[in-house]
Amino acid sequence: QVRGPGLGVVGVSKGAEVALAMATFLPQVVATVWINGTAFLHGNPLVYKDLRIPPIPYYTERVLFTEVGAMDNSAIFADPRDPAYRTSAIPVEKIRGKVLFVVGEADRSFNSKLFAELALERMPPESGRILSYPGAGHLIEPPGSPPCSISSIRGTPRPVAWGGEPQPHARAQEHSWQEILRFLELHLGVAATMKL
């Protein structure tokens with residue numbers, strides 16, 4: 001059920017990129033949880049009304065392989081600070097709501113901490129904050145979810161390495177979940193008890 005008037009959005013990985021774009025362009029999005037994403041368009045352009053934001057290309061020839069043969073995609077992303085990619089930045093300075101950035105510092109998909117810091121630098125003051133977890137990987141999920149450091153995804157020829165060490169990653173899932181719930185309650189209100 002949607003109580004409104006504001007909406008909350010939670011996104012992980014490419015979904016976090018989409019969530020940040022939604023927070024930028026949709027005023028009804030008042031609370032965004034961004035988990036290990038980017039702050040620039042990658043691979044696909046963003047098209048919204050008359051706006052088109054070009055993507056930074058993936059450099060798939062730079063993919064690395066772990067000792068067990070999983071793909072480590074950390075090198076396929078160009079440095080977003082390169083002036084050539086300025087037009088690929090999501091214009092987060094337009095965000096009216098609040099953003100909680102959740103970062104795993106051992107993310108082997110991309111440098112999520114850098115993307116979160118770059119976004120926060122351009123956002124309105126006090127509109128966002130970063131929760132950063134040393135030893136946590138890419139897929140920070142609710143507590144009780146098994147830490148996932150490697151998995152298959154559609155469209156890749158081999159499993160993908162997400163990074164993270166089991167104990168720090170599990171602690172990050174536990175802590176971030178409580179912070180996410182607090183953040184959403186603060187900006188969306190506590191859910192009313194439903195009666196059946």
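Guide: Strand 1 (residues 7–12) pairs with strand 2 (residues 29–35) in the parallel sense, over six bridges; two strands pair if DSSP finds at least two bridges between them. Helices (H or I, at least four residues) and strands (E, at least two) are DSSP runs, numbered from the N terminus. The model is predicted: local features need pLDDT of at least 70 and side-chain atom pairs count only at pLDDT 80 or more, while totals for chains, interfaces and linings use all residues. Residues are numbered from 1 along each chain as its sequence is written, and side-chain values use heavy atoms, with hydrogens and water left out.

Within this pairing, Val9 stands opposite Thr32 in strand 2. Together with helix 1 (residues 14–25), strand 1 and strand 2 make a right-handed β-α-β unit. A crossover is right-handed if, with the strands pointing away from the viewer, the path from the first strand over the helix to the second runs clockwise.

Strand 7 (residues 98–104) and strand 8 (residues 128–133) also pair in the parallel sense, over six bridges. Here Gly104 stands opposite Tyr133 in strand 8.

Strand 9 (residues 150–151) contains Ser151. The side chain of Ser151 makes a polar contact with that of Trp162 at 2.8 Å; such a contact is a pair of N or O atoms within 3.5 Å, where, within protein, one must be able to donate a hydrogen and the other to accept it, and residues adjacent in sequence count only if both atoms are side-chain atoms. Neighbours within four places in sequence aside, Ser151 is in contact (heavy atoms within 4.5 Å) with Pro159, Val160 and Trp162.
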